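This briefing walks through one protein model, topic by topic, for a reader who has the sequence and the coordinates at hand. Please keep the structure open while reading the points below.

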Amino acid sequence: MRGNLWTRLAPFISKRHFSTSQTSLSSSFSSCSAIQPWLFVGLGNPGEKYECTRHNVGFDMIDMFAQSQGISLTRHHFKALFGEGMVEGVPVLLAKPQTYMNLSGESVGPLAAYYKLPLNRVLVAFDDTDLPCGVLRLQPKGGYGRHNGVKSVIYHFRKNREFGRLRIGIGRPPGQMDPKAFVLEKFNKTGRERIDSAIEEGVEILKLVVTKGLTEAAKSSNVDQKYKHLTTHDLQL
């Protein structure tokens with residue numbers, strides 16, 4: 001099965017994977033030059049202690065997308081749990097860095113470089129306290145706000161911010177609660193239901209990115225998300 005997958009991916013992935021001659025590799029790229037792989041990355045912290053916490057919704061997103069596409073995330077590659085597959089005829093690479101959140105770039109940067117991907121074919125999914133719980137926002141570029149995982153990714157992209165983001169709203173911490181403590185907590189029942197629903201929507205958004213491109217996917221998905229949970233009091237989630 002894996003051999004068949006590599007056969008399908010071969011025209012698209014870096015020459016470092018193959019013993020193919022430069023001539024035949026160039027021919028493959030030429031015949032399929034319109035298609036490049038996507039790298040979808042979910043940020044989070046490894047280990048049972050952090051499962052289902054607010055800070056790990058990026059992991060949850062990639063897990064659900066992988067499950068929906070029948071992609072296994074069991075291979076360790078560049079400090080990440082890694083998988084690869086085809087989505088609507090397009091090669092897709094999935095990664096969950098195992099470096100802990102604040103060092104995520106140590107995995108993401110080398111991965112993108114190894115596969116020789118332009119940053120407009122990289123998308124990072126992560127938690128965002130600036131969005132209401134369960135609201136998604138797809139963007140082609142941006143800063144890192146207060147998110148140290150995204151900050152690390154930017155640093156390892158040589159401070160280039162021109163990569164896609166799928167921001168997953170988790171709401172703001174209540175009162176004077178330390179944001180660091182807030183993101184490491186698990187959701188209550190209502191919050192978890194909203195996040196699970198959002199992740200299902202996120203899977204469809206990622207499929208749109210693959211088939212329509214990031215800009216077109218953002219146009220349609222962001223409108224749908226804009227007024228979602230408008231009356232929600234996020235501090236209770």
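Which residues does L94 touch, not counting residues up to four places away in sequence? In this predicted model, L94 touches F40, I62, F65, A66, I71, L73, L81, F82 and G83. The protein holds 8 helices and 7 strands, and of its 237 residues, 50% count as buried.

**Overall make-up**

- Among contacts between residues at least 6 apart in sequence, 72% join residues that are at least 24 apart.
- The accessible surface of the protein comes to about 11700 Å², and carbon and sulfur atoms account for 51% of that surface.

**Nonpolar cores**

- The largest nonpolar core has 35 residues, and those with the most contacts inside this core are F40, L94, L138 and L166.
- Helix α7, which spans residues 189-212, supplies the largest share of this core, namely 8 residues.
- A second, separate core of 23 residues includes L43, F82, L117 and F157.

**Aromatic pairs**

- The structure holds 7 aromatic pairs, and a pair of this kind is described by the distance of the ring centres and the angle of the planes.
- The pair of F40 and F65 is edge-to-face, because the ring centres lie 5.6 Å apart and the planes stand at 75°, where an angle over 60 degrees is required for that class.
- This pair links distant parts of the chain, since F40 belongs to strand β1 (residues 38-42) and F65 to helix α3 (residues 57-69), 25 residues apart.
- Both partners are enclosed: F40 counts as buried at 0% relative accessibility, and F65 is likewise buried, with a relative accessible area of 0%.
- The rings of F82 and Y115 have their centres 5.9 Å apart and their planes at 10°, so this pair is stacked, a class that takes planes under 30 degrees apart.
- Because F82 lies in strand β3 (residues 80-87) and Y115 in the loop between α4 (105-114) and β5 (122-128), the pair ties together parts of the chain that are 33 residues apart in sequence.
- F82 is buried, with a relative accessible area of 1%, and Y115 is also buried, with a value of 3%.
- Ring pairs join F78, F82, Y114 and Y115 into a cluster.

**Charges over rings**

- The charged end of R54 sits over the ring of F187, at 5.3 Å from the ring centre.
- The charged end of R165 sits over the ring of F163, at 4.1 Å from the ring centre.

**The surroundings of R167**

- R167 lies in strand β7 (residues 164-169), and this arginine counts as buried because its relative accessible area of 13% is under the 20% cut-off.
- The side chain of R167 makes a polar contact of 2.5 Å with the side chain of D128, and another of 3.4 Å with the side chain of Q139.
- Leaving aside neighbours within four places in sequence, R167 is in contact with F126, D128, D130, L131, V135, L136, R137 and Q139.

**Helix α5 and the residues after it**

- In helix α5, which covers residues 148-156, the buried residues are G149, V150, S152, V153 and I154, and what covers the buried residues of α5 includes α4, β5 and β7.
- Helix α5 is followed by R158, whose phi is positive, near 60°.
- K159 lies in the loop between α5 and β7, has a positive phi near 70°, and is exposed, with a relative accessible area of 63%.

- Most residues other than glycine have a negative phi.
- F78, by contrast, has a positive phi near 50°; this phenylalanine lies in the loop between β2 (75-77) and β3 and is partly exposed, with a relative accessible area of 30%.
- V223 is found in helix α8 (residues 214-226) and counts as exposed at 55% relative accessibility.
- Although V223 and R137 are 86 residues apart in sequence, their C-alpha atoms are 9.3 Å apart in space.

Key:
Residues are numbered from 1 along each chain as its sequence is written. This is a predicted model: local features need pLDDT of at least 70, side-chain atom pairs count only at pLDDT 80 or more; totals for chains, interfaces and linings use all residues. Side-chain values use heavy atoms; hydrogens and water are left out. A nonpolar core is a set of buried Ala, Val, Leu, Ile, Met, Phe, Trp, Tyr and Cys residues joined through side-chain atoms within 4.5 Å. Buried means under 20% relative accessible area, exposed over 50%, partly exposed in between (1.4 Å probe, protein chains only). Helices (H or I, at least four residues) and strands (E, at least two) are DSSP runs, numbered from the N terminus. Contact means heavy atoms within 4.5 Å. Rings of Phe, Tyr and Trp (its six-membered ring) pair if their centres lie within 6.5 Å; planes under 30 degrees apart count as stacked, over 60 as edge-to-face and the rest as tilted. A charge sits over a ring if NZ of Lys or CZ of Arg is within 6 Å of the ring centre and within 35 degrees of the ring normal. A polar contact is a pair of N or O atoms within 3.5 Å; within protein, one must be able to donate a hydrogen and the other to accept it, and residues adjacent in sequence count only if both atoms are side-chain atoms. Accessible areas come from the Shrake-Rupley method with a 1.4 Å probe; for residues, only the protein chains shown count as cover.
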